[in-house]
Amino acid sequence: WMEAGPDYSKYSRSQLLDAYRNIDKTKYPERTQIILDELEKRPSEPYADFVQQERGAGSVASGQVIESP
């Protein structure tokens, strides 16, 4: 069975960034995604840009819809 990871929803923004910078992204891809999701839940914070940059421009996961004029 899979071991339960940390409850990132209770982490502060600085703790989330620290966790993201230090997590083994290859060993824990699910936890890495959860950290990015938690950072993205704070769109008024400067970290929203960081999350979009980490996920890649034009990513479907970014949730952005670009409409033509």
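Glutamate 38 lies in helix H2, which covers residues 29-40. Helices here are DSSP runs of H or I with at least four residues, strands are runs of E with at least two, and both are numbered from the N terminus. The model is predicted, so local features need pLDDT of at least 70 and side-chain atom pairs count only at pLDDT 80 or more, while totals for chains, interfaces and linings use all residues. Residues are numbered from 1 along each chain as its sequence is written, and side-chain values use heavy atoms, with hydrogens and water left out.

Is glutamate 38 buried or exposed? Glutamate 38 counts as buried because its relative accessibility is 8%; buried means under 20% relative accessible area, exposed means over 50%, and partly exposed lies in between, using a 1.4 Å probe and protein chains only. Leaving aside residues up to four places away in sequence, glutamate 38 touches Tyr8, Ser9 and Leu16, where a contact means heavy atoms within 4.5 Å.

## Helix H2

H2 has twelve residues and reaches 16 Å from its first C-alpha to its last, close to the 16 Å expected at 1.5 Å a residue. That expected span is 1.5 Å times one less than the number of residues in the helix.

Which residues of H2 are buried? They are Arg31, Thr32, Ile35, Leu36, Glu38 and Leu39. Seen down the axis of H2, these buried residues fall within an arc of 160 degrees, so they line one face of the helix. The arc is taken from the directions that run from the helix axis to the C-beta atoms.

## Helix H1 and alanine 19

In H1, the buried residues are Leu16, Leu17, Ala19 and Tyr20. Viewed down the axis of H1, they fall within an arc of 160 degrees and so line one face of the helix. On the other side of H1, Ser14, Arg21 and Asn22 are exposed.

Alanine 19 lies in helix H1 and counts as buried because its relative accessibility is 17%. Apart from residues up to four places away in sequence, alanine 19 touches Tyr8, Tyr11 and Ile35. Alanine 19 and arginine 31 are twelve residues apart in sequence, and their C-alpha atoms are 9.5 Å apart in space.

## Tyrosine rings

How many aromatic pairs are there? The count comes to one aromatic pair. Tyrosine 8 and tyrosine 11 form this edge-to-face pair, at 5.0 Å centre to centre with 65 degrees between the planes. Rings of Phe, Tyr and Trp (its six-membered ring) pair if their centres lie within 6.5 Å; planes under 30 degrees apart count as stacked, over 60 as edge-to-face, and the rest as tilted. Tyrosine 8 is buried at 6% relative accessibility, whereas tyrosine 11 is partly exposed at 26%.

Another ring meets a charge: the charged end of lysine 25 sits over the ring of tyrosine 20, 4.4 Å from its centre. A charge sits over a ring if NZ of Lys or CZ of Arg is within 6 Å of the ring centre and within 35 degrees of the ring normal.

## The nonpolar core and the whole chain

The largest nonpolar core has ten residues: Tyr8, Leu16, Leu17, Ala19, Tyr20, Ile23, Ile35, Leu36, Leu39 and Val51. Such a core is a set of buried Ala, Val, Leu, Ile, Met, Phe, Trp, Tyr and Cys residues joined through side-chain atoms within 4.5 Å. Helix H1 (13-22) and H2 are the elements that give two or more residues to this core, and H1 gives the largest share, four residues.

Stepping back, the protein has three helices and zero strands. Of its 69 residues, 25% count as buried.
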